Amino acid sequence: MESKFTEVYHNAPAEGKETECEKVSKLLDLVIDGEATTEDQTYFNHHIEDCVACFEDHQKQKLLKGLVSGHLKRVIVPDSLALSIKTRIQATI
Ligand SMILES: [Zn+2]
């Protein structure tokens, strides 16, 4: 199940965020596995609030993890969150 905005905004500019995104992508596995420290988890959560690319990665990884572990839960993106992300991205185009 793909979020609709995933396809539309995959070219969102990420300049100046590469270092943070790299760090977050390394944390992603730990977060998914529930092995991240509280500090890392907080950093991660804060980052994906502002970074659509990492947010989407997280959603996809959660989905994959759910499929692999055999107890897939529906990944729910609140409409208000999706909308606020869309609005933010559109403002930068
Ligand atoms: Zn990022």
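**Figure 1. Helix H5 lies largely in the open.** Of its 14 residues, one is buried. Buried means that 20 or more other C-beta atoms lie within 10 Å of a residue's own; exposed means 12 or fewer, and partly exposed lies in between, with C-beta atoms placed from the backbone. H5 covers residues 79-92. From first C-alpha to last, helix H5 reaches 20 Å, close to the 20 Å expected at 1.5 Å a residue. That expected span is 1.5 Å times one less than the number of residues. This is a predicted model: local features need pLDDT of at least 70, side-chain atom pairs count only at pLDDT 80 or more, and totals for chains, interfaces and linings use all residues. Numbering starts from 1 along each chain as its sequence is written.

**Figure 2. Ser 84 sits in helix H5.** Ser 84 is exposed, with 12 other C-beta atoms within 10 Å. Glu 49 is 35 residues away from Ser 84 along the chain. Their C-alpha atoms are separated by 9.9 Å.

**Figure 3. The largest nonpolar core has seven residues.** They are Val 24, Leu 27, Ile 48, Val 52, Cys 54, Phe 55 and Ile 85. H4 gives the most, with three. Such a core is a set of buried Ala, Val, Leu, Ile, Met, Phe, Trp, Tyr and Cys residues joined through C-beta atoms within 7 Å.

**Figure 4. Contacts of Ile 48.** Neighbours within four places in sequence are left aside. Ile 48 is then in contact with Cys 54, Phe 55 and His 58. Contact requires C-beta atoms, placed from the backbone, within 7 Å.

**Figure 5. Residues 21-54 carry a UniProt annotation.** The unreviewed entry gives "domain: Putative zinc-finger". UniProt positions follow the numbering used here, feature names are shortened, and annotations may be inferred rather than shown by experiment. The span is 85% helix and 0% strand. Its end C-alpha atoms lie 7 Å apart.

**Figure 6. The protein chain has five helices and zero strands.** Helices (H or I, at least four residues) and strands (E, at least two) are DSSP runs, numbered from the N terminus. Buried residues make up 10% of the 93 residues. Confidence is lowest in helix H1 (residues 4-8), at a mean of 53. Confidence is highest in helix H3 (residues 38-50), at 96.

Note on methods. pLDDT = per-residue confidence, 0-100. Contact = placed C-beta atoms within 7 Å.
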